[in-house]
Amino acid sequence: MITRKQAIELFESPDLAGIGMEADAVRRRLHPEGVVSYIIDRNVNYTNFCTEYCSFCAFYRPMGHKEGYILPFETIYDKIQETVDLGGTGILMQGGLHPDLKIEWYEDLLQGIKKRFDIWCHCFSAPEIVNIAEVSRLPLRETIARLRDAGLDSIPGGGAEILDDSVRHRISRLKCTVQDWIDVHRTAHSLGMRTTATMMFGTGETIEHRMNHFEIVRQIQEDTGGFTAFIPWFFQREYTSLGRFVKEEATAVEYLKMLALSRVYLDNILNVQASWVTPGLKVCQLGLRFGGNDVGSIMIEENVVSAAGTHHKATEEQLRRLIRDAGFVPKQRDTLYRTYFLN
Ligand code: SF4
């Protein structure tokens with residue numbers, strides 16, 4: 001386990017290959033079998049109405065906007081049917097923070113899905129759950145327990161951005177606080193649910209801010225062991241209001257360094273995901289030698305980062321090829337990163 005000071009030195013080192021080797025050593029210790037996993041699932045964005053106005057977000061529409069929508073349940077079921085038909089094992093369902101949808105709406109949806117499909121529901125990031133609790137006037141624990149009882153299987157780590165309130169105040173002033181994000185994940189873990197942790201960097205924050213984020217995630221994992229994976233990605237600026245101030249996106253080198261740092265610093269989390277959606281397939285492939293042991297999802301549908309100008313696409317065969325070519329064995333996994341019962 002490295003210290004905060006060592007982590008910053010590693011990030012600031014110009015020795016890119018050396019950083020990669022350190023991360024690869026941790027990856028090999030945790031995954032000696034040489035498998036790199038991926039999942040077939042679908043993002044379902046049930047609404048784009050949102051009241052939070054995050055400056056990095058090109059996905060949301062304010063209430064009353066003519067491009068705003070709430071998907072009818074039947075449309076969501078159709079999307080899930082397509083996912084199942086394509087061999088998908090899960091859905092990642094997230095949406096904007098709607099001020100009128102109470103918990104009963106979410107319970108009906110989850111129950112409707114579970115009645116029709118045998119599919120894993122990885123849904124509702126921490127800000128959404130905090131919003132559901134507020135709109136429904138319920139305590140957080142009861143909110144999560146009711147959603148779980150209705151069919152929620154696990155919770156995605158979205159909405160973390162950078163877990164530092166000074167950064168959040170600048171980029172997502174209305175969205176949940178660091179403590180809210182922590183409370184959702186700790187509460188879910190205490191209820192026996194697994195969650196993921198994410199980081200969106202490159203919004204003008206410092207390495208110290210990023211380290212604050214890493215420390216929070218590492219401490220939660222130390223206490224609960226509830227995170228299945230850590231997934232870092234970088235801010236996409238196109239069509240966002242923050243893009244007027246943050247003129248340049250992270251480079252491939254910065255992404256690879258952050259991926260490697262995630263692997264080395266968070267060695268108490270089993271899986272680190274090398275993403276292709278924002279950096280592209282070729283950088284993702286390199287990421288497998290910078291600590292990544294998973295390439296995420298085939299992603300039958302994605303609306304959030306594509307709203308900010310990213311349009312990378314991947315088929316299952318493309319992902320398997322890039323994994324094989326990097327020297328690993330590709331395996332399909334489920335949402336809990338289990339590969340043993342799939343191919
Ligand atoms: S990031 Fe989420 S909470 Fe923020 S504006 Fe977009 S949809 Fe709303």
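This is a predicted model: local features need pLDDT of at least 70, side-chain atom pairs count only at pLDDT 80 or more; totals for chains, interfaces and linings use all residues.
Student: How is a pair of rings described, and what is the geometry of Tyr46 and Phe124?

Tutor: A pair of aromatic rings is described by the distance of the centres and the angle of the planes. For Tyr46 and Phe124 the centres are 5.8 Å apart and the planes stand at 85 degrees, so this pair is edge-to-face. The pair links distant parts of the chain, 78 residues apart. Tyr46 is in the loop between strand S2 (41-45) and helix H3 (73-85), while Phe124 is in the loop between strand S4 (120-123) and helix H5 (126-136).

Student: Are Tyr46 and Phe124 buried or exposed?

Tutor: Both Tyr46 and Phe124 are buried. Another edge-to-face pair is formed by Phe234 and Tyr255, with 5.9 Å from centre to centre and 65 degrees between the planes. Phe234 belongs to strand S7 (residues 227-234) and Tyr255 to helix H10, and 21 residues separate them, so here too the pair links distant parts of the chain.

Student: What relative accessibility does Phe234 have, and what is the relative accessible area of Tyr255?

Tutor: Buried means under 20% relative accessible area. Phe234 has 7% relative accessibility and therefore counts as buried. Tyr255 has a relative accessible area of 0%, so Tyr255 is buried as well.

Student: Which residues do ring pairs link into a cluster?

Tutor: The cluster consists of Tyr46, Phe73, Tyr77, Trp105, Tyr106 and Phe124. Tyr46 and Phe124, the pair described above, are both among its members.

Student: Where do charged groups lie over rings, for example Arg218 and the charged end of Lys257?

Tutor: Arg218 lies over the face of Tyr265, 3.8 Å from the ring centre. The charged end of Lys257 sits over the ring of Phe11, at 5.6 Å from the centre of that ring. Lys257 and Tyr265 are both among the buried residues of helix H10.

Student: How does one check the length of a helix, and what is found for H10?

Tutor: The distance between the end C-alpha atoms is set against the span expected at 1.5 Å a residue. Helix H10 (residues 252-265) has 14 residues and reaches 20 Å from its first C-alpha to its last, close to the expected 20 Å. H10 is mostly covered, with 11 of its 14 residues buried. Tyr255, Leu256 and Met258 are among those buried residues.

Student: What span should helix H8 have, and what follows H8?

Tutor: Helix H8 (residues 178-190) has 13 residues, which should span 18 Å, and its end C-alpha atoms are 18 Å apart, so the two values agree. The buried residues in H8 include Trp181, Ile182, Val184 and His185. After H8 comes Gly192, whose phi is positive, near 85 degrees.

Student: How many salt bridges does a search of the whole structure find, and how far apart are the closest N and O atoms of Glu9 and Lys5?

Tutor: The search finds 20 salt bridges. In the one between Glu9 and Lys5, the closest N and O atoms are 3.3 Å apart.

Student: Why does spacing along a helix matter for reading such a pair?

Tutor: An α-helix has 3.6 residues a turn, so residues three or four places apart point the same way. Glu9 and Lys5 both lie in helix H1 (residues 4-12), four residues apart, about one turn of the helix. Glu9 counts as partly exposed because its relative accessibility is 45%. Lys5, with a relative accessible area of 59%, is exposed.

Student: Which residue forms a salt bridge with Arg148, and which with Glu205?

Tutor: Arg148 is bridged to Asp149, with the closest N and O atoms 3.2 Å apart. At 30% relative accessibility Arg148 counts as partly exposed, whereas Asp149, at 58%, counts as exposed. Glu205 forms its salt bridge with Arg210 at 2.8 Å between the closest N and O atoms, and both Glu205 and Arg210 are buried. Asp24, Arg27, Arg28 and Arg289 are linked in a network of salt bridges.

Student: Which residues are around the ligand, and how does the shell divide into nonpolar, polar and charged residues?

Tutor: The residues around the ligand are Cys50, Glu52, Tyr53, Cys54, Phe56, Cys57, Tyr60, Gly96, Leu97 and Lys175. The shell divides into seven nonpolar, one polar and two charged residues.

Conventions
Residues are numbered from 1 along each chain as its sequence is written. Side-chain values use heavy atoms; hydrogens and water are left out. A residue is near a molecule or strand if one of its heavy atoms lies within 4 Å of it. Ala, Val, Leu, Ile, Met, Phe, Trp, Tyr, Cys and Pro count as nonpolar, Asp, Glu, Lys and Arg as charged, and the others, Gly among them, as polar. Helices (H or I, at least four residues) and strands (E, at least two) are DSSP runs, numbered from the N terminus. The expected span of a helix is 1.5 Å times one less than its number of residues. Buried means under 20% relative accessible area, exposed over 50%, partly exposed in between (1.4 Å probe, protein chains only). Rings of Phe, Tyr and Trp (its six-membered ring) pair if their centres lie within 6.5 Å; planes under 30 degrees apart count as stacked, over 60 as edge-to-face and the rest as tilted. A charge sits over a ring if NZ of Lys or CZ of Arg is within 6 Å of the ring centre and within 35 degrees of the ring normal. A salt bridge is a side-chain nitrogen of Lys or Arg within 4 Å of a carboxyl oxygen of Asp or Glu.
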